[in-house]
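Please find below a colleague's note on the structure, arranged as numbered points.

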Number of protein chains: 2
Amino acid sequence: MLAQNVELLSDDQIQTIHEASLGVLQEVGIRVLNETAREIFCRHGCQVNTQTGNVCFPQELVEKWRKIFPSTFRFYGRDPRYDITIPDDGPAIATTGIAPDVLDIENGERRRATSEDLSRIANLVNMLPGIDLFFVSTLLSDVPEDRYSLNSLYISAKKCLKPIRCGVNTVQNFKDIIALGECIAGGTEAFQERPFFYFGHTASISPLTINNESTSMVIEAVRRGLPSMAAVVPNSGLTAPLTSAGTLVLANAEFLAINILIQMVKEATPVIYYSLPATSDMRNGAFSCGGIESGILQMGCAQLARFYGVPSGGYAGATNAKLSDAQAGFEKGMSPMAAMLGGLNMVMLAGLIDALMVFSYPQLVIDSEIGEMIKRVYKGISLDNDELALDVIKTIGPGGLYIDSQHTLRHMRTATYFPDIASRQSWQKWWDTGKYDTQARALKRVWNILAGDNPDAFSPDVDAKIRATFSDSLYVSV
Amino acid sequence: MLAQNVELLSDDQIQTIHEASLGVLQEVGIRVLNETAREIFCRHGCQVNTQTGNVCFPQELVEKWRKIFPSTFRFYGRDPRYDITIPDDGPAIATTGIAPDVLDIENGERRRATSEDLSRIANLVNMLPGIDLFFVSTLLSDVPEDRYSLNSLYISAKKCLKPIRCGVNTVQNFKDIIALGECIAGGTEAFQERPFFYFGHTASISPLTINNESTSMVIEAVRRGLPSMAAVVPNSGLTAPLTSAGTLVLANAEFLAINILIQMVKEATPVIYYSLPATSDMRNGAFSCGGIESGILQMGCAQLARFYGVPSGGYAGATNAKLSDAQAGFEKGMSPMAAMLGGLNMVMLAGLIDALMVFSYPQLVIDSEIGEMIKRVYKGISLDNDELALDVIKTIGPGGLYIDSQHTLRHMRTATYFPDIASRQSWQKWWDTGKYDTQARALKRVWNILAGDNPDAFSPDVDAKIRATFSDSLYVSV
């Protein structure tokens, strides 16, 4: 493990941002569009302006509630070997969502995503070693909107044993999902003990607004004891100050407000400092989630999360690239590396291109490899006696070769990372074998995985039971 | 500026590597193939085994000499506005060398590099904002080997005002180069005051060997008061232990030996902890300079450099990719980001692909942009009152938009980085304007720069004087 994270800011500067956020919460407040949330805030001592819906937070109240945020967040997999707790087991690498479109796996053309796409994606995520968390990547154009959550989770859970996250829109969705989880887990208790479905909500809308519908869902999830992640999504220059410091102040105020609400609903509910900071390109207003500022802001968010003693996570590998080219490579490599080294515990980077609008099969495979490289850096190096290698340095001495030493043989499987997609062929061999670029090699790997032996994650009996339970609601045959 | 670097290792672990290197230098020693160097080491108290040529270093001697390494290294540009001192002005972004081949600028095909290529490259480096140091990128197939240094520096200096580095093979090379420098600077004193040519040597050959010819050149340069950079180039699993800890011990012993030699030749000569660590892929023996281990090892080297109080620099953006695709993007983005955040003061990343064997024009342009992104992260964020933006947060309040605020207008030119090659077009616009990938866009930019107004860096008079002085030795017409 690394001895010390990068610190974007000094301790004093973090304190400055914290205090500035307290000032914003006390003096400006948050517009709370959800009535239940307003009532909860009011009941706990916030000042609610009934005309504007603005809620102001006394500093002592924020200081009191922010101290009860739990320090860890656990993701359960369907299979316990995929359980992951942040920050302890981090960095966790996650897919990103939710794209309406995909690049077709056959012809590469952009079109609406379908159930069949999601099934393939779930299968790939299950097999790719660099990805820990499956946050459902796409919408489903072949499923009615109000059945999206159930169908997405059914398709995903059928092929993927890793922790799964999805959006939820209605109370009925929640009921369906819990029933689905219970079917899969084999009972109410089994699912309550290991709830392997997760929910993400953009209840907090920049600037300084807590919305109505998503907030209902957050409250619903927390009341049911279901893990919920509430995102803050400031867009510097559009919905937040253009300056990074100002964006952090605003995002931090929003993080505090929504997560204090969660604590007020149920104390000690696990939370994540969960953010998607991005900038607007002032030349044309473009949503520039691939900009390096996303990485810089995530370094700041991760440091604020450490200040509050909560795990951090969020998007740090979004790209504005339209295909898996050099831009996709450096935008998906650099910000996540910077954010992880800044202490981001959950790095959402895998699968999407074109500013989160399009899922790309080859990109998912490339991103898994980027995820493995990030984890390799996080792991750091070991300095035990055998790793220090003083004996072999002495034995081989000046001018010798290490390639056939016992020391090399002993470490050859573990000492270095063996990439699958990054090619180390000689030029000649690369030339002779078709001159494929990385995107083409990754697409080959996609087909390779999909052609492999990928049994369903639950038995035909369980599947039959699910089909019977949801005979009206499952629109998919995959 | 960042408040705190990443630390790959704890202080205790750095001490362990330091002590292990002292042990290697004392017990195993360095094979010194250069007679002058052996004499210098002997004269200063090292034990020389006259049969093997091995030189052993008493610990006290190493501890004494390593304490006089100067703490800064200054690069002079031909134009003082390109002067850069590391670590103070870092991270400095440099090109990498020295490739025998290029991808032809017209047809993209691989062939030997020529003087015309180098002239174009120097021109591009001069114009690209992300690159601070021009380390000559290619060999010259149209120039005799013994005239390589003179011709390379003439071509480079004619088009590039930034600090320039080249290899040197003979004493005659040195004399020629100094005469060239004096011609350009306008006199002996002018060049001595601001020596804008730099020399890199691989005098240290892993494992634990100081070679003959390059070491002569290092001694020659130091005696003449010319800036010299002595590289350590361990290859884990081939010429160094496969384990990262062992590679660091070996590299560190080599760094100490060659740089103590430099101090013994002339005390307080500025040095750099200058390294190119890479691994061998144990599956096929490939030189895997694009592997993430290069970044990890550079984090270690940078930390050791801080321990010794010397600036650090080296290769951290080599790639095994054969074209400017996603692999080139993430290999050139991730290791340099990790190494810079680990404190590497000079990051050599620009221009080469295929494991340093091939120069690519579009890659140089892409790498300049990567360099700018790295510097943006290093710069960190400012927290002055205007950046904190409390007034505007208060004024705009919940639910407003920042896009047309005075605060946004005031910061729009500086708050975020505006990429040139990374596209933020909408999908439709990208589609309608030719669906170019990043490599193609970068190549367009190459042509664009080369078509621009790029006056020679020195006058026709100076050029005529150089041509007259070196009428027998200049083989180039560019």
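1. Basis. The model is predicted; local features require pLDDT of at least 70, side-chain atom pairs count only at pLDDT 80 or more, and totals for chains, interfaces and linings use all residues. Residues are numbered from 1 along each chain as its sequence is written, while chains are lettered from A and ligands numbered from 1 in the order in which they are written.

2. Symmetry. Chain B is superposed on chain A by a rotation of 180 degrees, with 0.0 Å of shift along the axis and an RMSD of 0.0 Å (least squares on the C-alpha atoms of residues with pLDDT of at least 70 in both copies). The two copies are thus related as by a two-fold rotation axis.

3. Interface. Contacts (C-beta atoms, placed from the backbone, within 7 Å) join 104 residues of chain B to 105 residues of chain A. On the chain B side, helix α11 (residues 326–341) of chain B supplies the largest share, 12 residues; helices are DSSP runs of H or I of at least four residues and strands runs of E of at least two, numbered from the N terminus. Because 100% of the interface residues of chain B are also interface residues in chain A, the copies meet through the same surface.

4. Helix α10 of chain A. This helix (residues 292–308) has 17 residues and spans 25 Å from first to last C-alpha, close to the 24 Å expected at 1.5 Å a residue (1.5 Å times one less than the number of residues). Since 14 of the 17 residues are buried, α10(A) is largely enclosed by the rest of the structure; buried denotes 20 or more other C-beta atoms within 10 Å of the residue's own, with C-beta atoms placed from the backbone. After α10(A) comes A:G309, with a positive phi near 70 degrees.

5. Eight-stranded sheet, chain A. The sheet is open and parallel, in the order β6-β20-β19-β16-β14-β11-β10-β9; strands pair if DSSP finds at least two bridges between them. Strands β6 (92–95) and β9 (134–135) of chain A are at the edges, each with a single partner strand, so one side of each lacks a neighbour in the sheet. Between β10 (residues 164–166) and β11 (residues 197–201) of chain A there are three bridges in the parallel sense, and A:R165 lies opposite A:Y198 in β11(A).

6. Four-stranded sheet, chain B. This open sheet has mixed pairing and the order β8-β7-β22-β21. Its edge strands, β8 (110–112) and β21 (352–353) of chain B, each pair on one side only. β21(B) pairs with β22 (residues 358–359) of chain B in the antiparallel sense over two bridges, and B:I353 has B:V358 in β22(B) as its bridge partner.

Terms used. Two residues are in contact if their C-beta atoms, placed from the backbone, lie within 7 Å. A residue is buried if 20 or more other C-beta atoms lie within 10 Å of its own, exposed if 12 or fewer, and partly exposed in between; C-beta atoms are placed from the backbone.
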